[in-house]
Amino acid sequence: MTDAALPRLLLVEDDPDIREVAVMALEDLGGFVVYACEDGREALDRAQSLRPDLIILDWMMPGMNGGETLARLRKLEATRDIPIVFMTAKVRSDETARMLALGAIDIVPKPFDPIALPVRLRQIWKRYLAREGGVS
Amino acid sequence: MNAPREIQVKFDDVRSGYLTRTKTVRARLEKLADLLKTGGDEETIEEIEEIVHRIAGSAGTFGLSKIGEQAARAERAALALRRGKASRSELAVAVKKLSAVIGTVK
């Protein structure tokens with residue numbers, strides 16, 4: 001995959017330290033273009049205006065959690081088809097099954113390794129494109 | 001983290017801030033554990049769940065695996081309490097241990 005084929009990401013994460021490290025890893029190590037915001041409400045606004053290729057969504061957030069945010073994104077014309085990956089410490093099999101059933105394309109478990117994160121996102125994106133019949 | 005020097009410096013800076021903020025939570029964890037031992041209400045348990053979940057999901061990213069592992073144990077103790085399979089004092093012990101582990105990291 002060339003860098004030009006990398007998706008533009010919207011990262012939604014309420015923990016400022018985790019947000020900063022994730023952005024650093026994805027931009028500086030992975031070469032992704034990353035937009036970041038801290039809660040579900042802001043994510044709805046930014047997803048509509050930025051139209052990212054992929055949204056990385058924290059599950060546990062104050063106010064609107066990841067599941068509610070996903071549901072609302074799916075109801076908006078501008079964002080309903082944007083693939084979503086949950087990034088979460090909720091990694092019991094029943095929890096991850098629920099997230100996938102909601103329509104997430106994959107799950108990145110927390111804590112994540114900053115070096116491995118961009119590699120994992122590239123794999124997820126490549127698989128998504130292949131599944132959707134796109135170019136990988 | 002093994003990354004180019006410039007990125008490593010940035011990472012170390014964020015890690016330092018993270019550790020400082022995590023250490024400031026210790027006093028609150030101690031207080032919440034004490035509240036649990038004397039009963040504690042639903043809000044006490046919810047606050048513990050929120051704190052330990054956040055730490056369990058983040059400490060490992062900064063290479064603080066011992067903190068992350070103890071936070072995960074405390075999170076499991078909270079879940080067990082919810083399911084009636086652990087007592088409040090068991091959760092309090094797990095929370096106190098987490099506080100102690102955080103205190104040992106420099």
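Across the interface of chain B and chain A, three residue pairs are in polar contact, both residues at pLDDT 80 or more (N or O atoms within 3.5 Å, one able to donate a hydrogen and the other to accept it; residues adjacent in sequence count only if both atoms are side-chain atoms). This is a predicted model, so to speak: local features need pLDDT of at least 70, side-chain atom pairs count only at pLDDT 80 or more, and totals for chains, interfaces and linings use all residues. Residues are numbered from 1 along each chain as its sequence is written, and side-chain values use heavy atoms, with hydrogens and water left out. On chain B's side, α1 (5-24) and α3 (42-56) of chain B are the elements that give two or more residues (helices are DSSP runs of H or I, at least four residues; strands are runs of E, at least two). The largest share, six residues, comes from α1(B).

| Class, chain B side | Count |
|---|---|
| nonpolar | ten residues |
| polar | six residues |

B:Arg21 and A:Asp17 meet in a salt bridge at 2.4 Å, N to O.

Now for a helix in chain A. In α4 (residues 93-102), A:Glu95, A:Thr96 and A:Met99 are buried (under 20% relative accessible area, with exposed over 50%; 1.4 Å probe, protein chains only). Seen down the axis, the buried residues of α4(A) fall within an arc of 95°, so they line one face of the helix (the arc is that of the directions from the axis to the C-beta atoms). A:Ser93, A:Arg98 and A:Ala101 are exposed on the other side. After α4(A) comes A:Gly103, with a positive phi near 120°.

Terms used: Chains lettered and ligands numbered in written order. Salt bridge = Lys/Arg side-chain N within 4 Å of Asp/Glu carboxyl O. Nonpolar A, V, L, I, M, F, W, Y, C, P; charged D, E, K, R; others polar.
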